[in-house]
Amino acid sequence: MIKKLRTLQTIDESGAVLIVRLESAEVAEKVAEAAIEGGFRALEITLSIPGAVEVIRRLAAKHGPNGVAVGAGTVLDEHSAYECIRAGAEFLVSPQLNPAMIRTANRYQVPTISGAYTPTEFVESAEAGADIIKLFPTEAGGVTYAKAVLAPLAHLPIMPAGGVTLENVGEWFAAGVAGVGVGSYVTKAWQPDGDFTRVTEAARAFLAAVAEARR
């Protein structure tokens, strides 16, 4: 299968992308490893993490051959996009529409998840060539806003990023989203006592909730 299609299939089949946005590369890598152990097959390592590109390089080299799609997040321009692609990122995520980033990704056949909030931004992201459109920020409008936007734009694959929990993931899928991005519920599960097995447990619980919501 064409690599780009395989990555999109991985994201589609899992229904969830883990957003890893933490304070250090060491913690981010530990969280990513624990989440992969818990079943995550699509992970976004944000460039806000110091040393993020090297984390992407290591995780992609180790887990890519096993069907895990390691992507880069907070990719704001074409220069960052190319650097991440060279490091092995299998998809790129931005908080905003940046046509130059999308062009770079399309040049190398790497899927993009482009941030948008208004209907105009959703349509412009699709016209620019984004594969998936990220609803961001989600906290501002929540499920109600997503449902309203999807009413006329149901043909677009929209994925909320943030604000998705074990309790409300079913509501998001009922609203018509193509998948969900989740962060703190999984990535910060270790913080009470430093036990990273809590991340693995949270990952399993969240993915089970996604599977149930999509039935």
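**View 1. Val-93 finds its partner in strand E5.** In E5, Ile-113 is the residue that bridges to Val-93. This is a predicted model, so keep that in mind for every view here. The pairing involves strand E4, residues 92-94, which runs parallel to E5 and is joined to it over 3 bridges.

**View 2. Strand E5 is tucked inside.** Look along E5 and you'll find that 5 of its 5 residues are buried, so the strand is largely enclosed by the rest of the structure. Thr-112, Ser-114 and Ala-116 point one way, while Ile-113 and Gly-115 point the other, and all are buried.

**View 3. A close look at Ser-114.** Ser-114 sits in strand E5, which covers residues 112-116. Its relative accessible area is 0%, so Ser-114 counts as buried. Who surrounds it? Setting aside neighbours within four places in sequence, Ser-114 is in contact with Ser-94, Gln-96, Leu-97, Ile-102, Ser-125, Ala-130, Ile-132, Ile-133 and Lys-134.

**View 4. Thr-112 and its surroundings.** Thr-112 also belongs to E5. With a relative accessible area of 0%, Thr-112 is buried. Leaving out residues up to four places away in sequence, Thr-112 touches Leu-92, Met-101, Ile-102, Ala-105, Gly-129, Ala-130, Asp-131 and Ile-132.

**View 5. Helices H4 and H5 side by side.** A pair of packed helices is described by the angle between their axes and the distance between those axes. For H4 (residues 78-87) and H5 (residues 99-107), the angle is about 30° and the axes are 8 Å apart. The two helices are therefore roughly parallel to each other, and their crossing is right-handed. Where they meet, H4 brings Glu-78, Ala-81, Tyr-82 and Ile-85, and H5 brings Ala-100, Met-101, Thr-104 and Ala-105. Sorted by class, that contact has 6 nonpolar residues, 1 polar and 1 charged.

**View 6. Helices H2 and H3, another packed pair.** Here H2 (residues 25-37) packs on H3 (residues 52-63) at an angle of about 25°, with axes 10 Å apart. That angle makes H2 roughly parallel to H3. The crossing of H2 and H3 is right-handed. From H2 come Ala-25, Glu-29, Ala-32, Glu-33 and Ile-36, meeting Val-55, Arg-58, Leu-59, Lys-62 and His-63 of H3. What classes of residue make up the contact of H2 with H3? The contact holds 5 nonpolar, 1 polar and 4 charged residues.

Technical notes
Residues are numbered from 1 along each chain as its sequence is written. This is a predicted model: local features need pLDDT of at least 70, side-chain atom pairs count only at pLDDT 80 or more; totals for chains, interfaces and linings use all residues. Side-chain values use heavy atoms; hydrogens and water are left out. Axes are lines fitted to C-alpha atoms, for helices over the stretch in contact, and angles run from 0 to 180 degrees between N-to-C directions. Helices (H or I, at least four residues) and strands (E, at least two) are DSSP runs, numbered from the N terminus. Angles under 35 degrees count as roughly parallel, over 145 as roughly antiparallel, 65 to 115 as roughly perpendicular and the rest as oblique. A crossing is left-handed if the near helix is turned anticlockwise from the far one by less than a right angle, and right-handed if clockwise. Contact means heavy atoms within 4.5 Å. Ala, Val, Leu, Ile, Met, Phe, Trp, Tyr, Cys and Pro count as nonpolar, Asp, Glu, Lys and Arg as charged, and the others, Gly among them, as polar. Buried means under 20% relative accessible area, exposed over 50%, partly exposed in between (1.4 Å probe, protein chains only). Two strands pair if DSSP finds at least two bridges between them.
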